[in-house]
Amino acid sequence: MTKSSKQEIEFPKGLEGVVAATTQVGSVDGIAGKLAYRGYDINTLAEHSTYEETAYLLLHGSLPTRSALAGFHGKLLGYRTVPDEALKRLSDLPCPCHPMSMLRSGISLLECIDDACRIAETQESKQDAGIQLIAQMATLTAAISRILEHKPPIAPDPALSHAGNFLYMLSGKRPEPLAERVMDIALILHADHGMNASTFASMVVASTMSDIHSAISSGIATLKGSLHGGANERVIRMLEQFSTPEEALVYVDKAMANKEKIMGFGHRVYKTYDPRALIFQRYARDLSELTGDMKLFNIAEAIEKKVVEKLGDKGILPNVDFYSGIIYHALGIDASIFTPIFAVSRVAGWVARILEYLEDNRLFRPRAIYVGPENLAYTPMEERQ
Ligand code: ACO
């Protein structure tokens, strides 16, 4: 709790611990280290589900029947294409521009181009626009990656799954089954996570009765920050600085002595291991062994051991962003696309929670305690110092 100096009112800085809504979409238990979507544990979903099924679950509240999933998949397929006009305008953006900024701009362009999305007023039409965004986020992200590599965007392949098609649109090569499955799991793991900053931001925008594209673009803007989704890119850039685990440990010692934050560690809610980090760690090890390149993984494990030894008691442990980048790196994806991949997945959680909140909407409008000077006399310009 923080106390405002002027009035004796205590408040949790950064809204820590404040309950802002009830939800049936998903739950996070930061003490037990558990995450569930609609009551299904994340480990179970990572093992058995697909991103398409998980997105359906988040949006509709229950696992789909075979025909419901086929219908949902068909809808996503129908929505995958992004209008050429949006892609052309994205390639004309002044660079260098971070892919997350391009993605945010891309979503705004889609809203401007697509009349149906802009005027989506009913819950049903908003849900439809949301499903379209889930499909298009992958296409936009892959196109942005291609644009930044000075290569033409690749049209979606309807024969591929959401994860497989995403990898195909990034590289132009149909992925191996293992690569497709690992990307699928990464998308499942990132799809929803309580009232995190980007989810809250998108819900705040939606609560004003703004359109769903505006809400999702605010989610992207929020996810970009280094304290949130932007940490995954920072982690890999940190790991890549070192040639050996020993070199990394010197850095960790220095960072801790200077009270600097180590990217990929710590969480507002988890005070134990983030369950997603444990799953990612396993796949990062397996993929690194498979590619025969253990360097980044060994460095990461050494950093983890040291940080946990020194700060574990304070609840500073690896979060979702610590190992995910090693996986994307092993899949040959550029670090600048790591945070956009987070958005490719999280859009499902954003949409599900926006729609849930709008069922019983109330404008988000907290207060701030004014602690500045009062009753000042207006000084004419010529008398100001
Ligand atoms: N490395 C070292 N020390 C840390 C770290 C870290 N990564 N994170 C927190 N701490 C320390 C702080 O220095 C502080 O120490 P103090 O009490 O001695 O001053 C204490 O732990 C509390 O830290 P806060 O920043 O106040 O805790 P908060 O709940 O606001 O932090 C956050 C959560 C922002 C995620 C923080 O842990 C952090 O900055 N981590 C690094 C960035 C990161 O990995 N972000 C991704 C989070 S997961 C996600 O959003 C997808």
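By the rule used here, the count of salt bridges comes to twelve. They belong to a predicted model. One of the salt bridges joins E85 and R89, whose closest N and O atoms are 3.4 Å apart. Both residues sit in helix α4 (residues 84-91), and because they are four residues apart in that helix, about one helical turn separates them.

Another salt bridge links the side chains of R268 and E16, with 4.0 Å from N to O. The cut-off for a salt bridge is within 4 Å.

**Two domains**

The protein is divided into domain 1, made of 13-227 + 346-358, and domain 2, made of 231-330. Taken over C-alpha atoms, the centres of domain 1 and domain 2 are separated by 25 Å. Domain 1 brings 28 residues to the contact, and domain 2 brings 23 residues.

The size of an interface is often given as the accessible area lost when the parts come together. Between domain 1 and domain 2, the buried area is about 1900 Å², and carbon and sulfur atoms give 67% of this area. Within domain 1, the residues that lose the most area to domain 2 are L189, H190 and S226; together they account for 25% of what that side buries.

Polar links also cross between the domains. The rule finds one salt bridge across the interface of domain 1 and domain 2, and five residue pairs are in polar contact between domain 1 and domain 2, both residues at pLDDT 80 or more.

Several elements supply at least two residues each to the side of domain 1 that touches domain 2: β3 (26-29), β4 (34-37), α1 (42-48) and α9 (177-189). Of these, α9 gives the most, with six residues. Sorted by class, the side of domain 1 that touches domain 2 holds 13 nonpolar, nine polar and six charged residues.

**Around the ligand**

There are 21 residues around the ligand, and those that come nearest are H228, K261, I262, F265 and R268. R268 is also the residue whose side chain meets that of E16 in a salt bridge.

| Residue | Protein atom | Ligand atom | Distance |
|---|---|---|---|
| L227 | polar backbone atom | nitrogen | 2.9 Å |
| G264 | backbone N or O atom | oxygen | 2.9 Å |
| R268 | side-chain N or O atom | oxygen | 2.8 Å |

For L227 and G264 the protein atom belongs to the backbone, whereas for R268 the atom is in the side chain.

Methods. Residues are numbered from 1 along each chain as its sequence is written. This is a predicted model: local features need pLDDT of at least 70, side-chain atom pairs count only at pLDDT 80 or more; totals for chains, interfaces and linings use all residues. Side-chain values use heavy atoms; hydrogens and water are left out. Domain bounds come from an automatic or database domain assignment. Contact means heavy atoms within 4.5 Å. Buried area is the accessible area (1.4 Å probe) that two parts lose on being put together, summed over both. A polar contact is a pair of N or O atoms within 3.5 Å; within protein, one must be able to donate a hydrogen and the other to accept it, and residues adjacent in sequence count only if both atoms are side-chain atoms. Ala, Val, Leu, Ile, Met, Phe, Trp, Tyr, Cys and Pro count as nonpolar, Asp, Glu, Lys and Arg as charged, and the others, Gly among them, as polar. A residue is near a molecule or strand if one of its heavy atoms lies within 4 Å of it.
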